[in-house]
Amino acid sequence: MDVIPKWADAVLVPLISLILAAVLSALVILAIGEDPVAAAKLMVEGAVGSTYGWGYTLYYATNFIFTGLAVSVAFHARMFNIGGEGQAMLGGLGVALVCLYIPFPHWALALPVAIIGAAAFAAIWAAIPAYLQAKRGSHIVITTIMFNFIAAALLNYLLVGMLKPSGAMDPATAKFAATTHLPTFQDLFSWGEKPVFRGAPANVSFFVSLLACVAVWFLIWRTRLGFEIRAYGESESAAKYAGISPTKIIMISMIISGALAGCMAINNVMGEAERLVLGSVEGAGFIGIAVALMGRSHPLGVLLAAILFGFLYQGGAELALWTNIPRELIIVIQALVIMFTGALDNMIRMPLEKIFLMMRKEGAA
Amino acid sequence: MTIMTKLMSAATGLALTATAAVADPAIIFDLGGKFDKSFNEAAFNGASRWAEETGGTFKEIELQSDAQREQALRRFAESGANPIVMAGFAFGSALSEVAPDYPDTKFAIIDMVVDQPNVRSVVFNEHEGSYLAGIMAANASETGTVSFIGGMDIPLIRRFACGYAQGAKAANADITVISNMTGTTGAAWNDPVKGSELTKAQISQGSDVVYAAAGGTGLGVLQTAADEGILSIGVDSNQNYLHPGKVLTSMLKRVDNAVYKAMLDGTDMETGFNVMDLSNRGVGVALDENNEGLVTYAMLSETYAAADKIISGDIKVHDYMSDESCPALDF
């Protein structure tokens with residue numbers, strides 16, 4: 001039934017997209033008079049050439065895994081959750097409240113409670129647009145994107161007002177207690193003389209994100225609920241006919257989606273900043289959409305796509321540090337990858353489908 | 001953890017001695033980017049001036065994310081850059097963690113106090129400069145109403161507004177001061193259209209002098225004020241030239257001087273707390289050929305008298321950030 005084989009869909013399409021994005025990026029770098037080969041080398045070395053680079057790449061990847069999974073779960077029910085950004089902000093609020101007001105003796109205790117806090121706040125934030133969609137027919141894309149702005153305003157209100165320690169300039173909460181600080185890769189993997197992952201922010205939340213990948217895979221393909229979500233996503237009328245309640249699926253898939261997006265906060269708020277700052281999400285909610293599209297909404301794909309975007313972020317930072325390539329062009333390069341892998345999927349897929357069809361006909365003849 | 005810290009500082013000590021020969025300064029710009037026509041750009045201008053005058057080179061980075069603050073600091077410190085200058089209060093927490101790890105590197109931070117032996121903290125008394133701007137505004141106003149437009153609603157900007165309101169009320173006790181903030185997110189620094197709308201709204205409320213402390217948003221404020229025939233007051237850099245004869249003055253905040261000086265001092269930079277205020281010309285009001293027709297002798301003498309009194313301590317301008325409240329203005 002499928003026009004192109006599965007391997008081509010999962011590997012060939014993203015690969016060609018990436019190559020096209022890389023070629024265009026190289027042209028952009030050439031156009032401003034820099035050396036694209038040197039730039040590429042710098043990016044690769046900076047992002048994956050050392051444990052330090054990996055520490056940053058995996059830190060960014062952890063954010064993108066959570067938001068990518070969030071978009072994926074909703075997308076299996078054909079809900080387009082654009083609100084990962086706002087949900088992650090609310091997750092940050094949950095983490096901050098938990099870490100600030102509960103005196104934990106040890107991080108191992110703080111982590112699960114923080115996860116619950118993050119997931120609960122974000123899930124509630126996602127549940128409102130879900131309810132409006134399920135009961136009132138308000139389009140989920142519109143409502144979730146509007147909720148991003150409401151979340152930003154709410155956080156700003158709280159951080160400028162009551163959560164900010166008095167006298168502080170930064171719109172941010174106080175630092176969390178030392179007992180809630182998550183161990184970084186440096187603490188975890190450094191033995192002997194030479195510390196590895198030195199100064200890098202990757203922390204135990206990376207493993208939580210891997211667990212979340214497994215959990216999402218299990219949920220979507222191995223449980224009854226997952227089957228219902230997929231069935232609803234494939235055909236709403238068929239799902240209704242089979243006795244699946246659309247309201248239930250919309251609500252549950254969005255709540256899970258929101259909770260996943262919120263869990264990102266254990267990485268950036270609890271693991272890295274160790275306090276809640278304004279704008280802590282930094283677009284990871286939107287990157288999650290590209291990650292989910294590129295990863296074909298499959299946890300393994302999301303994991304790989306998230307690491308790729310982590311690489312782009314950290315490689316971009318290294319470019320900014322050691323070359324004269326301006327920040328805006330680094331964003332252009334990142335945007336090219338997002339555009340090719342996310343938005344221009346069909347541009348690659350349709351010619352590929354034609355090629356495969358031709359090959360099949362020749363094979364049959 | 002303490003062993004780790006020791007190991008780290010030992011390692012950096014080695015790295016530093018190895019690279020100490022090439023001690024270029026470095027500057028880190030905040031998320032707004034270095035061409036924001038305001039704060040970051042002033043810092044960039046200071047660095048460029050240093051480079052032009054000394055023929056030196058400096059390393060620079062514009063941040064893309066919060067996580068990069070510490071990253072950029074550590075990477076520059078490890079590469080031997082010295083001193084490392086950063087423009088923006090948001091670096092405070094990152095710097096207080098990084099500075100102890102690189103005891104031989106000097107850091108300079110603007111708009112924030114970081115209490116470490118190798119850090120110079122440069123803080124501006126914006127409320128003092130704004131107080132003078134307020135006096136001039138009250139003197140220039142014919143309607144008895146002056147106004148303020150801030151960028152993002154943060155304590156720092158309220159400090160500008162509060163100083164301005166105090167100055168205006170000192171010059172004319174019956175004056176009405178209107179204050180609006182452009183927004184609550186970083187986008188508020190670069191929204192000239194909203195700045196223009198706010199200006200029009202304030203004009204309809206009777207204001208005839210508007211003071212903008214709003215980064216790129218201020219450009220819209222100054223433009224609209226000039227179009228509508230009222231006076232405006234610029235901020236940070238001297239913006240009098242933008243609309244000659246229409247801009248009453250500009251409240252100068254010499255971020256460029258602070259950066260320039262830090263780079264000029266180089267590795268011998270004295271560290272510690274560094275207040276830039278009226279007395280050392282860190283803040284002030286701009287007078288040049290573009291606004292000389294607007295500034296009357298009486299206005300000038302009152303402003304100078306107030307400046308002298310602030311410097312001598314006879315006038316205490318209330319600092320909003322000292323207690324998060326303002327006696328002259330409600331937010």
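Me: What makes strand β5 of chain B, residues 119–124, count as mostly covered?
Reply: This is a predicted model, so keep that in mind throughout. A residue is called buried if 20 or more other C-beta atoms lie within 10 Å of its own. In β5(B), six of its six residues are buried, so the strand is mostly covered.

Me: How do you know that both faces of β5(B) are covered?
Reply: In a regular strand the side chains alternate between the two faces of the sheet. On one side sit B:Val119, B:Ser121 and B:Val123, and on the other B:Arg120, B:Val122 and B:Phe124; all are buried.

Me: Why are strand β4 (residues 107–110) of chain B and β5(B) said to pair?
Reply: Two strands pair if there are at least two bridges between them. Here there are four bridges, in the parallel sense, so β4(B) and β5(B) qualify. B:Ile110 stands opposite B:Val122 in β5(B).

Me: And what makes β5(B) and strand β11 (residues 272–276) of chain B a pair?
Reply: Five bridges join them, and at least two are needed, so they pair too. These strands run parallel, with B:Arg120 opposite B:Gly272 in β11(B).

Me: Why is strand β10 of chain B, residues 247–253, called mostly covered?
Reply: Seven of its seven residues are buried, each having 20 or more other C-beta atoms within 10 Å, so the label holds.

Me: Which strands does β10(B) pair with, and in what sense?
Reply: Strand β9 (residues 231–236) of chain B runs parallel to β10(B), joined by five bridges, and B:Ile233 stands opposite B:Thr249. Strand β12 (residues 283–285) of chain B is antiparallel to β10(B), over three bridges, and B:Met251 has B:Val285 as its bridge partner there. With at least two bridges required, five and three both pass, so both are pairs.

Me: How do you know that domain 1 of chain B touches domain 2 of chain B?
Reply: The domain assignment gives domain 1 as 2–124 + 256–276 and domain 2 as 127–253 + 293–323. Their centres, taken over C-alpha atoms, are 31 Å apart. Contact needs C-beta atoms within 7 Å, and nine residues of domain 1 meet ten of domain 2 that way, so they touch.

Me: What makes up the domain 1 side of that contact?
Reply: Five nonpolar, two polar and two charged residues.

Notes. Residues numbered from 1 in each chain as written. Chains lettered and ligands numbered in written order. Predicted model: local features only at pLDDT ≥ 70, side-chain atom pairs only at ≥ 80, totals over all residues. Buried ≥ 20, exposed ≤ 12 C-beta atoms within 10 Å, placed from the backbone. Domains from an automatic or database assignment. Contact = placed C-beta atoms within 7 Å. Nonpolar A, V, L, I, M, F, W, Y, C, P; charged D, E, K, R; others polar.
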